Amino acid sequence: MSAICGILRGSFEDYLSDALPPPQRKILREHLAACAECRDLAVEKDPTFVFARPVHDEVTPEETARILSAVKTGVALMETEKRIRRTRRRLAGGTAAAAAVAALVLLLPGARHGTGTSAAPSGTQASLPAKPPASSPLSSDAALSAAALPADSAPAGDATVYDWNPGAGQEEPRVVWIVDRGLDI
Amino acid sequence: MELVYSQRRDREEATSLPDRELAIRARGGDMVSFEALVTRKTPAVVSLARRIVGNGEDARDVGQMVFLRVWSELHRYDERYSLNTWLYRIATNLSIDFLRSARSRERAHGATLHLVEEREQSTAAEATRTAEDAELARLFETVSGSLSEKQKAVFVLKEMEDCDTSEIAEILGCGESTVRNHLFNARRVLRREIGRLYPEFLRGRQL
């Protein structure tokens, strides 16, 4: 038993009650790891002293490499998911913007010019052709054609393009309908 | 060829950088720095997780989760503070979550029972530890089954990782008095369990 053993044995209680300052705590732990006599005495006093030392729980380089490989795969997956989310957001944003532009075009005063009526189109009505000129219902393509709204309607394949105000300039928005008979809605 | 050489040079450079610098670079998307950080910190993280969750296989799973969380949360890391504290906080919280799950609890009990019955057997991973460390680790795994997750985490951080009480409080997001309380109760439970399972530790002492 050395002189330091006697001093350190007096600090067991403080260690257990977590009242030992960090430097002294470190000294005691290092001493207990090295001095079997003091360690036995400490464990006799309180068996939890058996854990009062760092445990070198080795992780092999192979284990580390396996974990690193799994983490890299996980990170790559996370980054891919992030990119997919960003692309989806961009696409959704683009679609929303296109829809907003289309709605704006239809709702602006230019739409009224096309119909040739004084009634202001509202909401879905604006997208419906031709309430005004004819009383014919829009129950078929024939009816649509019969509405004879724009002069400039040109068939394009299965689709017909109705240009409501072909002479529109910069101040007046151009309103165009595309009726595609090939679409199965 | 030039690229391979450059990557190798980057890796060598990264291994010599301090933790914080690696974290800052990784935050900027530098994968080489992140890999160096994972390689450097894996032993400590897995070791801590192994103490808390009770077995090596789960600890490796927790280790992977820890580093994935680190990657996704690096923007939250404040480099004015120790990276180890931040890392230990993530590792401890994930280990506690893991332990709390029913599956993990079953495994922990299974592992404990297995260890009580077959203490002399050692796994391949344990073969790399020194005999004394392995014995101590097995002893802790055996007697710590009755501790609550927080008590176990506090005891492991305090006794085995030698963290300061203030650091443990920061890691667990609680007050120092709470840490001391957990530590006191953990000691009480461990004394009881050691006395019950290994009375030879209590020579000349009565609980």
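This passage describes a predicted model of a two-chain complex, from confidence to folds to contacts.

The predictor gives the complex an ipTM of 0.77 and a pTM of 0.66. The average pLDDT of chain B is 83, and 79% of its residues score at least 70. One stretch of chain B falls below 50, namely residues 115–122. In the model, this stretch has eleven contacts beyond near neighbours in sequence.

Along the sequence of chain A, the pattern reads α-α-α-α-α-α-α-α-β-β-β. For chain B, the pattern is α-α-α-α-α-α-α-α-α-α. Chain A holds 185 residues, and 31% of them are buried. Chain B holds 207 residues, with 49% buried. Contact range was also computed for residues at least 6 apart in sequence. In chain A, 34% of such contacts join residues at least 24 apart. In chain B, the share is 62%.

Val62(B) sits in helix α4, which spans residues 56–73. Val62(B) counts as buried because its relative accessible area is 0%, under the 20% cut-off. Beyond its neighbours within four places in sequence, Val62(B) touches Ala49(B), Val53(B), Ala91(B), Leu94(B), Ser95(B) and Phe98(B). Ala49(B) is 13 residues away from Val62(B) in sequence, and their C-alpha atoms are 6.7 Å apart. The second residue, Lys41(B), belongs to helix α3, residues 31–53 of chain B. Lys41(B) also counts as buried, because its relative accessible area is 9% and the cut-off is 20%. With neighbours within four places left aside, the contacts of Lys41(B) are Asp19(B), Phe67(B), Leu83(B), Asn84(B) and Leu87(B).

The interface between the chains was examined next. Chain A contributes 36 residues to the contact, and chain B contributes 42 residues. The size of an interface is often given as the accessible area lost when the parts come together. Here the area buried between chain A and chain B is about 3900 Å². Carbon and sulfur atoms give 59% of that area. Polar links also span the interface: 15 residue pairs are in polar contact, both residues being at pLDDT 80 or more. On chain A, the elements that give two or more residues to the side touching chain B are α2 (12–16), α3 (22–34), α4 (36–45) and α5 (61–107). Among these, α5(A) gives the most, with twelve residues. By class, this side of chain A has 17 nonpolar, five polar and 14 charged residues.

Salt bridges were then counted. Over all chains the count comes to 25, and nine salt bridges lie between chain A and chain B. One of these pairs Asp18(A) with Arg180(B), at 3.1 Å from N to O. Another joins the side chains of Arg191(B) and Asp46(A), with an N to O distance of 2.4 Å. Arg191(B) lies in helix α10 (residues 176–197) of chain B, and Asp46(A) in the loop between α4 and α5 of chain A. Both residues of this pair, Arg191(B) and Asp46(A), are buried.

Other salt bridges lie within chain B. Glu79(B) and Arg27(B) meet at 3.0 Å, N to O. Glu79(B) is in the loop between α4 and α5 (83–100), while Arg27(B) is in helix α2 (residues 19–27), so the pair ties together parts 52 residues apart in sequence. Glu79(B) counts as partly exposed, at 31% relative accessibility. Arg27(B) is also partly exposed, at 31%. A further salt bridge links Arg100(B) to Glu149(B), whose closest N and O atoms are 3.8 Å apart. This pair connects distant parts of the chain: Arg100(B) is in helix α5 and Glu149(B) in helix α8 (residues 149–160), 49 residues apart. Arg100(B) is partly exposed at 45% relative accessibility, whereas Glu149(B) is buried at 12%. Finally, salt bridges that share partners join Arg25(A), Arg29(A), Glu159(B), Asp162(B) and Arg187(B) into one network.

Definitions and conventions:
Residues are numbered from 1 along each chain as its sequence is written. Chains are lettered from A and ligands numbered from 1 in the order in which they are written. Side-chain values use heavy atoms; hydrogens and water are left out. pLDDT is the predictor's confidence in each residue, from 0 to 100. Contact means heavy atoms within 4.5 Å. Buried area is the accessible area (1.4 Å probe) that two parts lose on being put together, summed over both. A salt bridge is a side-chain nitrogen of Lys or Arg within 4 Å of a carboxyl oxygen of Asp or Glu. A polar contact is a pair of N or O atoms within 3.5 Å; within protein, one must be able to donate a hydrogen and the other to accept it, and residues adjacent in sequence count only if both atoms are side-chain atoms. Helices (H or I, at least four residues) and strands (E, at least two) are DSSP runs, numbered from the N terminus. Ala, Val, Leu, Ile, Met, Phe, Trp, Tyr, Cys and Pro count as nonpolar, Asp, Glu, Lys and Arg as charged, and the others, Gly among them, as polar. Buried means under 20% relative accessible area, exposed over 50%, partly exposed in between (1.4 Å probe, protein chains only).
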